[in-house]
Amino acid sequence: MTTSEEQEKREPRVGPEPQGEPHFEPYHHPAAAWGAAKSVTGFLVREGAYTDGPRAILKMNHENGGFDCPGCAWPDDTKGLHLDICENGIKHVTWEMTRKRVGREFFAAHSVSELSEWSDFALEDQGRLTEPMVYDPESDHYVPIGWKDAFELAGRALRELDSPHQASFYTSGRLGNEATFLYQLLARELGTNNLPDCSNMCHEASGRALQASLGTGKGTADLKDWETTDALFIMGVNAASNAPRMLTALAEAYHRGAQIVHVNPLVEAAATRTIVPHDFMDMALFKSTRTSTLNLQPRIGGDMALLRGMAKAILEQSRTDPKALDQEFIDRHTAGFEEYRELCEATPWEEIEQQSGLGRADILKAARVYRDADRSIVSWCLGVSQHEHGVDTVREIVNLLLLRGNLGREGAGPSPVRGHSNVQGNRTCGIDHRPTQEFLDRLAEVCCIDPPREHGLDTVGTIEAMHRGEVKVFFGMGGNFALAAPDTPYTYAALRNCDLTVQVSTKLNRSHLVHGRQALILPCLGRTEKDHQTHGIQSTSVEDSMSMVHLSVGMKRPASPHLLSEPAILSGIARAALPDSDTPWEWYIEDYDRIRDTMAQVLDGFEDFNRRVRLPLGFRIKQPARELVFRTPSGRAEFSAAPLPDVIPAPGTLALGTMRSHDQWNTTIYSDNDRYRGIKNLRTLVFMNADDMRERGISEFDPVDITSTAKDGSKRHLNGYLAIPYDMPRGCAAGYMPEMNVLLSIRDYSTQSDQPLMKHLKVTVEPATRNGSRQRASRSSNT
């Protein structure tokens with residue numbers, strides 16, 4: 001195993017150089033508010049976006065002629081809000097619109113070996129990529145290549161494979177629906193279902209659980225339901241950073257008297273109070289609004305036990321209060337209720353308290369909120385899904401909702417919070433390594449191809465196959481795969497074992513430097529930019545986390561005349577890889593309406609696509625489960641009856657969850673600050689319970705050594721990180737990704753969902769050895 005000392009010699013830090021000494025002061029201010037306004041102003045000034053930034057703000061998330069925020073997947077406001085924006089969205093857009101450029105002169109001046117020593121912040125901070133580049137191994141530089149030659153290089157590599165399964169096609173959540181459809185069509189016409197995506201690392205557990213329970217892989221609640229519900233349960237979500245526009249919904253819910261229960265080992269800023277910046281009067285008066293009525297802090301992985309306890313309390317109450325259950329709903333629309341009732345009754349309260357890390361009184365408080373609400377929504381994010389038992393936990397959420405008929409009516413239902421802006425649309429439009437036979441049948445009929453029927457590789461499977469030499473060509477559409485994936489050294493070695501890696505990107509990042517024997521960088525348009533094709537400026541569509549599909553139209557001149565759109569890049573590669581294809585690749589690119597017409601014939605719920613997507617706010621994809629139509633084996637909503645997992649850390653160990661800082665979006669780091677957690681000038685840290693620190697003889701800002709133990713018994717190390725006391729349960733710890741991805745073995749994935757266990761690492765934390773130091777703590781150990 002590579003030691004962290006060896007890693008540090010080879011690999012740089014992730015974030016920028018700190019602007020001062022590390023500082024920690026607990027945050028007690030409202031979320032958003034003047035802090036967000038100040039941060040945005042500073043960011044616009046730093047990027048020199050004095051004109052483009054404000055102009056983009058007025059165009060972002062508007063239904064007529066606007067572009068969709070390339071950040072999170074929170075739905076657009078339904079009431080016509082003029083400033084449906086957030087701090088992170090503005091940063092993300094301004095980052096894309098930077099005036100800095102990375103062209104041939106830059107690559108001529110810097111070798112790949114040199115750039116590999118740069119921080120990830122410094123790489124992205126160079127600006128927008130301007131022309132296609134190919135790696136030259138003799139000079140160790142990227143050099144220019146024309147688009148035609150780039151397409152031929154990629155196409156030849158695909159044509160010459162012994163099997164189409166030797167290629168894998170990854171996408172992040174930024175890819176629009178039209179490009180997504182072409183991407184999966186290329187892969188399947190080539191002959192493989194190797195279509196890993198970022199959802200494999202984030203919400204795979206949610207999709208599999210909802211499919212098993214309700215016959216749909218998506219939530220059923222929409223934003224109007226959030227506006228009318230009586231109770232919101234927000235689980236494993238850091239909304240102020242990951243979906244900041246949710247703060248508006250939480251504030252409105254509190255004003256109308258709804259109960260808001262936050263469930264998270266850390267009490268995040270969004271779970272306290274907020275001043276929404278577009279509420280100008282509140283901003284002027286410094287008038288904050290509470291965003292919670294109850295905060296519960298279970299141990300990491302203890303959510304399922306909390307949910308089981310709430311269900312047990314409801315069932316116990318139903319013995320004397322028949323209205324505690326919606327028995328008519330249960331009898332008419334569900335299967336497996338009696339088995340679930342018996343399981344709850346047989347689960348002792350002592351076990352529920354131990355596994356949840358919560359006292360019975362707190363669990364009963366949450367159950368009382370749920371019982372007293374006529375309509376409830378349960379919303380969750382990666383704090384629930386990135387666990388070994390993530391599928392069982394999401395199914396337990398559905399169990400709880402079914403007990404009181406919180407499905408198929410206004411103001412109720414399950415509501416997963418997706419991350420990147422179109423990650424849900426990617427899956428809807430065909431990025432799925434386990435496609436249904438019904439989808440493949442329609443694709444075959446409409447597109448006149450013979451798609452493969454066997455399952456393909458997901459993210460973990462792709463990394464392992466590259467490592468073994470079985471996947472020789474890797475395509476990355478957006479994202480920063482090398483940095484986002486688990487087990488960083490293993491992933492790096494896997495990518496370097498490929499014959500060809502192709503990255504379609506807007507900015508330089510680590511994945512361009514960790515490449516195969518041949519490598520292409522193909523620069524694409526950003527979502528803020530105008531997409532000119534033969535039939536005029538084109539629009540693309542995206543699907544938000546609540547199944548609304550709407551158009552996005554760029555507003556800005558492209559960063560370079562040499563950029564192509566993602567659909568155009570895919571068309572060029574497809575024609576080169578499949579020269580005899582009958583698919584009208586070039587014809588599709590002339591007018592994206594033609595792509596949408598084909599999608600309307602293939603995709604369930606996309607009928608009359610071109611007309612409906614141009615309606616105000618677009619359209620919502622039909623959800624059979626919302627109409628109480630369940631595509632499950634029984635034709636009913638299915639209760640599950642999984643035993644509670646043992647999530648209590650072994651003596652001397654901690655359960656560690658990785659997370660983003662506030663000034664970060666996925667692997668893009670804007671600064672070394674984390675405002676909502678009170679951190680400045682530091683990313684190489686570990687948050688710990690104060691009693692756990694004292695027990696180990698650790699004080700605030702002491703350097704510590706972190707050791708993880710994988711499922712196979714192997715160990716990984718990070719040395720010299722700084723310990724920060726934080727309000728969290730005993731036995732728990734937390735730190736930032738991607739730095740801590742090095743602690744996660746490629747074999748540490750859920751047997752239920754195949755997701756990497758990024759929220760539940762088994763670690764020990766001890767005072768640093770004499771080789772650990774404050775200086776080394778300021779540097780990343782990821783490889």
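Colleague: Hi! How close do the axes of helix H15 and helix H18 come, and at what angle do they cross?

Modeller: Hello! This is a predicted model, to start with. In it, the axes of H15 (residues 303-317) and H18 (residues 349-356) come within 8 Å and cross at roughly 150 degrees. That angle makes H15 roughly antiparallel to H18.

Colleague: And which hand does the crossing of H15 and H18 have, left or right?

Modeller: The crossing in which H15 passes H18 is left-handed.

Colleague: Which residues meet there?

Modeller: From H15 you have Ala305, Leu306, Arg308, Gly309, Lys312, Ala313 and Glu316. Their partners in H18 are Trp349, Ile352, Gln355 and Ser356.

Colleague: Nice. Now another pair: how do H8 and H27 cross?

Modeller: The axes of H8 (residues 147-159) and H27 (residues 566-577) come within 7 Å, crossing at roughly 50 degrees. H8 is therefore oblique to H27. This crossing is right-handed.

Colleague: What makes the contact between H8 and H27?

Modeller: On the H8 side, Trp147, Phe151, Glu152, Ala154, Gly155, Leu158 and Arg159 take part. H27 brings Ala568, Ile569, Gly572, Ile573, Ala576 and Ala577.

Colleague: Let's talk about cores. Which residues touch the most other members of the largest nonpolar core?

Modeller: That core has 62 residues, and the ones touching the most other members are Leu158, Phe169, Phe475, Leu520, Leu522 and Ile573.

Colleague: Switching to helix H21: how far does it reach from its first C-alpha to its last?

Modeller: H21 covers residues 390-403, which is 14 residues, and reaches 20 Å, close to the 20 Å expected at 1.5 Å a residue.

Colleague: Why is H21 described as largely enclosed by the rest of the structure?

Modeller: Because 14 of its 14 residues are buried. After H21 comes Gly405, whose phi is positive, near 65 degrees.

Colleague: How many residues of helix H4 are buried?

Modeller: Ten of the ten residues in H4 (residues 87-96) are buried, so that helix is mostly covered. Among them are Ile90, His92 and Trp95.

Colleague: New topic, Ser213. Where does it lie, and what does it touch?

Modeller: Ser213 lies in helix H10 (residues 204-214). Ser213 is buried, with a relative accessible area of 0%. Not counting residues up to four places away in sequence, Ser213 touches Arg395, Val398, Thr632, Arg636, Ala637 and Glu638. Ser213 and Pro633 are 420 residues apart in sequence, yet 10.0 Å apart in space, C-alpha to C-alpha.

Colleague: And Thr632, is that buried or exposed?

Modeller: Thr632 counts as buried, at 10% relative accessibility. Its place is the loop between S23 and strand S24 (637-638). Leaving aside neighbours within four places in sequence, the contacts of Thr632 are Gln211, Ala212, Ser213, Leu214, Gly215 and Glu638.

Colleague: What is the phi of Leu617 and of Asp754?

Modeller: Leu617 has a positive phi of about 70 degrees although it is not a glycine. Leu617 is in the loop between helix H30 (609-612) and strand S23 (619-620), and is partly exposed at 27% relative accessible area. Asp754, also not a glycine, has a positive phi of about 65 degrees. Asp754 is in the loop between S32 and S33, and counts as partly exposed at 24% relative accessibility.

Technical notes. Residues are numbered from 1 along each chain as its sequence is written. This is a predicted model: local features need pLDDT of at least 70, side-chain atom pairs count only at pLDDT 80 or more; totals for chains, interfaces and linings use all residues. Side-chain values use heavy atoms; hydrogens and water are left out. A nonpolar core is a set of buried Ala, Val, Leu, Ile, Met, Phe, Trp, Tyr and Cys residues joined through side-chain atoms within 4.5 Å. Buried means under 20% relative accessible area, exposed over 50%, partly exposed in between (1.4 Å probe, protein chains only). Helices (H or I, at least four residues) and strands (E, at least two) are DSSP runs, numbered from the N terminus. The expected span of a helix is 1.5 Å times one less than its number of residues. Axes are lines fitted to C-alpha atoms, for helices over the stretch in contact, and angles run from 0 to 180 degrees between N-to-C directions. Angles under 35 degrees count as roughly parallel, over 145 as roughly antiparallel, 65 to 115 as roughly perpendicular and the rest as oblique. A crossing is left-handed if the near helix is turned anticlockwise from the far one by less than a right angle, and right-handed if clockwise. Contact means heavy atoms within 4.5 Å.
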